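I kept this notebook open while looking through the structure. Come along and check each entry against it.

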Amino acid sequence: MKFSRLILTAAAALGASVSSGAFAIDLYIDTKTKQIYGEPGTDRQPIGTFEKVERAPSNNAAPAPEAERADQPAPGDRSARLKEKAERAQLIGKVESIEERVKENQKQLKLDKNGLQFESADKNFKFKIGGRIHTDYSHSSNDDFFFRDGTPVQANDGAELRRGRLEFSGTFFKDWDFKSQIDFADNSVGVKDMFISYRGLDFAKVNVGHQKQPFSRELQESSNDLMFVERSLMNVLNAPLVDRAIGLNVSNTGKNWTGQVGLYGESIDANNNSLDESWGTSSRVTFAPLNEKDRVIHLGVAGNYRKPSGSGQLFGPSNGVRFRHETSHLTNLFPIDSGTLGNIEDVKMLGLEASGVYGPFSAGGEYTHSWIGRNNGLDSLSFNGWYGEAAWTLTGESRNYKEGKFFRIEPARDFSFSKGGWGAWELAARIGGVDMNDGAFRAGEMKNFTAALNWYVNHNVRFMFNYDKILEIKDSPLVTASGGKPDDLHTFMFRSQIAF
């Protein structure tokens with residue numbers, strides 16, 4: 001029954017049920033259930049005081065028995081009937097006004113797959129609460145290794161809360177945005193994104209605060225949207241230098257392109273022993289010559305330059321920089337490790353990107369090259385990393401693409417026993433490599449293979465199953481018991497994810 005019909009029924013019942021004379025009743029409406037009550041209560045709003053007016057008998061009604069007619073009062077006059085109609089119209093008008101207010105409140109307060117959202121009636125002020133929970137399990141086999149000095153080492157098997165984040169974002173005065181993202185993983189508090197944005201310019205958006213630097217599609221994309229539990233081997237070179245930092249970013253986007261440039265200091269970690277701070281600048285440009293719902297071609301190029309502080313700190317509280325690969329976030333096993341590189345003059349980086357989507361199929365890859373200038377007579381170093389990946393959505397959905405980034409699959413039919421849906425299923429494979437050997441400097445070279453099976457239960461829930469194997473490795477700090485290479489290592493990973 002519609003809300004207005006419910007009111008008319010209540011009004012009719014009121015007119016028919018109260019006794020004659022000066023009897024009056026206060027009516028209340030429950031703003032949640034839309035039911036009418038005769039007494040106040042939680043979530044009930046008053047809609048007025050209503051008095052019973054004697055109704056004239058209908059001309060079509062059958063005459064009452066003589067005994068009954070003797071006890072009835074005289075028929076109401078015309079003014080009484082008009083008063084009754086006016087009060088009914090007043091009741092309906094008040095209820096319809098409350099109904100409109102309830103509908104407006106429902107628009108301004110919303111809870112759905114995107115989290116809890118508030119907004120003012122003029123949409124100039126907004127607030128959203130979101131978050132994510134990533135629970136991981138990792139198991140390794142053939143992981144009985146030794147450091148070159150003879151110390152035994154194994155991969156750690158077990159479970160962890162990889163990410164437990166709360167995100168607060170919103171808008172003030174239409175053009176000013178903010179975002180704060182706090183991580184509680186590892187039973188400690190860490191700040192991820194924390195910045196303000198200004199969107200009042202026609203030609204650009206400006207971000208100021210702790211944010212991702214514009215370099216590498218893989219690093220720009222959220223961990224909620226990656227096809228694999230861990231980023232690729234190429235990230236060995238990227239994460240230590242072009243992850244989040246405090247700075248200024250200017251960006252703009254069109255239908256098929258994006259452009260960003262920024263100037264950055266260091267990360268949010270405290271730096272108490274540096275002579276000034278290191279600084280860097282990054283830029284990324286993307287172009288999609290084909291950008292349709294289920295067909296995309298993505299191209300991108302990025303650059304980064306970073307200069308260390310006066311005391312040699314490059315990015316964070318420690319001097320120098322260290323590049324190494326951990327088989328998963330939990331294992332504490334590093335098959336390649338450069339150690340800490342000091343005496344750095346500057347770092348220059350170049351990144352190239354190419355990806356595509358064709359219906360349920362997608363493929364792509366990236367390449368990063370780093371040139372590390374050194375002082376005190378040390379030779380400069382040249383490292384590179386890369387990956388190639390391909391995926392097939394078994395249930396037919398296409399990956400989503402927007403503003404130079406890819407997003408996770410949206411199931412055409414959510415998983416449900418009662419409705420018969422099975423969500424979306426995705427197969428993916430990736431080969432990656434990193435080379436940190438340059439002349440006499442031997443920090444390691446490695447290639448690996450990763451396979452993934454992902455189940456997208458609905459927009460918010462996903463389960464991920466990954467398998468990773470080292471394909472080739474050189475100059476590793478680890479050896480087997482017989483002195484061989486650690487190239488028979490197998491790592492199995494599982495993740496349960498909810499994000500909103």
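**Ground rules**

I am working with a predicted model, where local features need pLDDT of at least 70 and side-chain atom pairs count only at pLDDT 80 or more, while totals for chains, interfaces and linings use all residues. Residues are numbered from 1 along each chain as its sequence is written, and side-chain values use heavy atoms, with hydrogens and water left out.

**Entry 1: strand β28**

I began with strand β28, residues 490-499. Strands here are DSSP runs of E with at least two residues, numbered from the N terminus. Two strands pair if DSSP finds at least two bridges between them. Which way do β6 and β28 run? I found them antiparallel, with 10 bridges joining β28 to β6 (residues 126-141). One pair I looked up was T135 with its bridge partner S496 in β28. I then turned to β26 (residues 461-474), which pairs with β28 over 9 bridges, also in the antiparallel sense. There, V461 has I498 of β28 as its bridge partner. A reminder to myself: strands of a sheet pair through backbone hydrogen bonds.

**Entry 2: an open sheet**

Next I looked up an open sheet of 3 strands, in the order β8-β7-β27, with antiparallel pairing. Its edge strands are β8 (152-153) and β27 (478-479), each pairing on one side only. I counted 2 bridges between β7 (residues 145-147) and β27. F147 has L478 in β27 as its bridge partner.

**Entry 3: a nonpolar patch**

Which residues form a nonpolar patch on the surface? I listed F125, F172, F173, W176, I196, V208, L248, V250 and V261, with about 810 Å² of accessible area together. Accessible areas come from the Shrake-Rupley method with a 1.4 Å probe, and for residues only the protein chains shown count as cover. Nonpolar side chains (Val, Leu, Ile, Met, Phe, Trp, Tyr) are joined within 5 Å, like charges within 9 Å.

F172 lies in strand β9 (residues 158-172). F172 counts as partly exposed because its relative accessibility is 43%; buried means under 20%, exposed over 50%, and partly exposed in between. F173 sits in the loop between β9 and β10 (176-183), and its 61% makes F173 exposed.

**Entry 4: positive phi**

Most residues other than glycine have a negative phi. I noted that F173 has a positive phi of about 50° without being a glycine. N376 has a positive phi too, near 55°. I found N376 in the loop between β20 (361-374) and β21 (381-393), exposed at 63% relative accessible area.

Terms used
Patches are made of residues with over 30% relative accessible area and no salt bridge: like charges are joined within 9 Å, nonpolar side chains (Val, Leu, Ile, Met, Phe, Trp, Tyr) within 5 Å. A salt bridge is a side-chain nitrogen of Lys or Arg within 4 Å of a carboxyl oxygen of Asp or Glu. Helices (H or I, at least four residues) and strands (E, at least two) are DSSP runs, numbered from the N terminus. Buried means under 20% relative accessible area, exposed over 50%, partly exposed in between (1.4 Å probe, protein chains only).
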